[in-house]
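Work through the exercises below with the model open. Each task is followed by its solution.

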Amino acid sequence: MSNQRQQKPTLTGQRFKTRKRDEKERFDPSQFQESIVQGLNQSGTDLEAVAKFLDASGAKLDYRRYAETLFDILVAGGMLEPGGTMSGDAICTEFCLFKAQEDIETMKAYAQLLLFLKGFTESERNKLAMLTGILLANGNLSAAILSSLFNENLVKEGVSASFAVKLFKSWLSEKDISSVSASLRKVGMDSRLMELFPANKRSCEHFSKYFSDAGLKELSDFARNQQSIGARKELQKELEEQMSRGDPLKDIIAYVGEEIKKNNISEQTMIALIWASVMSSVEWNKKEELVTEQAIKLLKQYSPLLKAFTTQGLSELTLLLRIQEYCYDNIHFMKAFQKIVVLLYKANVLSEEAILKWYNETHVAKGKSVFLEQMKKFVEWLKNAEEESESEEEEAD
C-alpha cells in the first residue's frame, strides 16, 4: 500500500455559462425604488423633466412588474410598509402627491400619473379608475385629468378605453349624465372622447358600440349628440364661407343636399342652420331704419336656398320660430319681423297654412305681443283670401 496520500477527484473541463434567456431576474423592489427615486430627485421640481425621465425609464425598468412600488413612490414618495407607514430608513423623493402643494393647479399636474397606467395590473387600473370616477363625481378632481388618457401608447394598447369604462361607470353611479356632461364641457373634454380610440377606430359607430356593450349607453348617446353638434357647427361655418365668397346658389343647394344625406340631418335642423348662416353672412347696419332694408335685400337673394329646404310644414314652422327668436334677440330687427315674413310668403318659402298655424298656436313667448300685433292685418288678409277662395270653389261646383 502506497504511503502517498490519495488525491481527491476533482472536476475539470469547460465551464458552461448560463444563457441569458435562462436567467430569471431577481425581484428587487428596493433596487427599483432606488433607481426611480434617484431619477426623480435629479429631475427636481420641473414636471416636464420628471415626465421625460419616467418615459425614458419605462424602456429600461419593468413598470408592470413593479407597479405597486411605482404607485407608492409617485403617491407617497417611497415604498410603504404593511399598514401604510413609511420605513424610517427608506430612500424617498420630494416629488410625490403627498408632498405637493395643496392647490388645484398642482393637483392637475400630478393627475398626469395616469400616463403610467400601462405599468399597473388590470385590477390596479380598475381600482384607480373607480376611485377617479368617485373623486370626479364629488368635485375633488377636474375632468381635465382625462387628457392623460389620450396618450398615444395608452390609446394604442386599449388601456385608455377600458380605464374610461370603469371611470365613467363609477362617475355615473354617483351623478347623472347631465352632471357628467356639464363637467366635461367645462374643460372642453366633451368633444374629445373619440380620442380614447386609435385613429382607425375613431368613429361614432365604434364608440357607441364599445360603450353600449359595456353598459354605458348614456355615454354613447351623449358622444353621438356631441359629434352631431360638432358636425352642425362645421357645416354652418362652411355655409358662411360659401356665402361670403359669393358661390352660386345652385352649388350651395347641392352642397347642403349632400350634407343632409351624409350626416342624416333633418330638414328642420338644416333650415335652422341655413337661417343662422344667412344672417351671419353680413355686417349689419347699426341704424334700425336701414337694417330692415338690408335684411330684405339679403333674404330676397337667398330665398331660393330657403325655399329648397322648406318642403315640409314642420320646416316652415321651424323657420318662422327662428325668425321670431332672431328678431327678438337682435333689437334692431324688432320692427322688421312682419316685412321678413311677408317677403318669404311672396317668395313661396312660407305658406299661408304655416303662417296661420304660427300665429294661432306655435309662436313662442319671445316678443309675442309685438310680433302678433305686427302680423294682425296680414293674417286677417290671409283669412279673407282663404274664405274668398273657398267661396269661389263652392260657386264653381
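**Exercise 1.** Classify Lys217 as buried or exposed, and find its salt-bridge partner.

*Solution.* Lys217 has a relative accessible area of 52% and is exposed, where buried means under 20%, exposed over 50% and partly exposed in between (1.4 Å probe, protein chains only). The model is predicted: local features need pLDDT of at least 70, side-chain atom pairs count only at pLDDT 80 or more, and totals for chains, interfaces and linings use all residues. Residues are numbered from 1 along each chain as its sequence is written, and side-chain values use heavy atoms, without hydrogens and water. Next, the side chain of Lys217 meets that of Asp221 in a salt bridge at 2.9 Å, N to O; the term requires a side-chain nitrogen of Lys or Arg within 4 Å of a carboxyl oxygen of Asp or Glu. Asp221, at 36% relative accessibility, is partly exposed. Both residues lie in helix 10, four residues apart, about one turn of the helix; helices are DSSP runs (H or I, at least four residues) numbered from the N terminus.

**Exercise 2.** Classify the two partners of the salt bridge between Asp251 and Lys250.

*Solution.* The N to O distance is 3.3 Å. Asp251 is partly exposed at 39% relative accessibility, and Lys250 is exposed at 61%.

Methods:
Helices (H or I, at least four residues) and strands (E, at least two) are DSSP runs, numbered from the N terminus.
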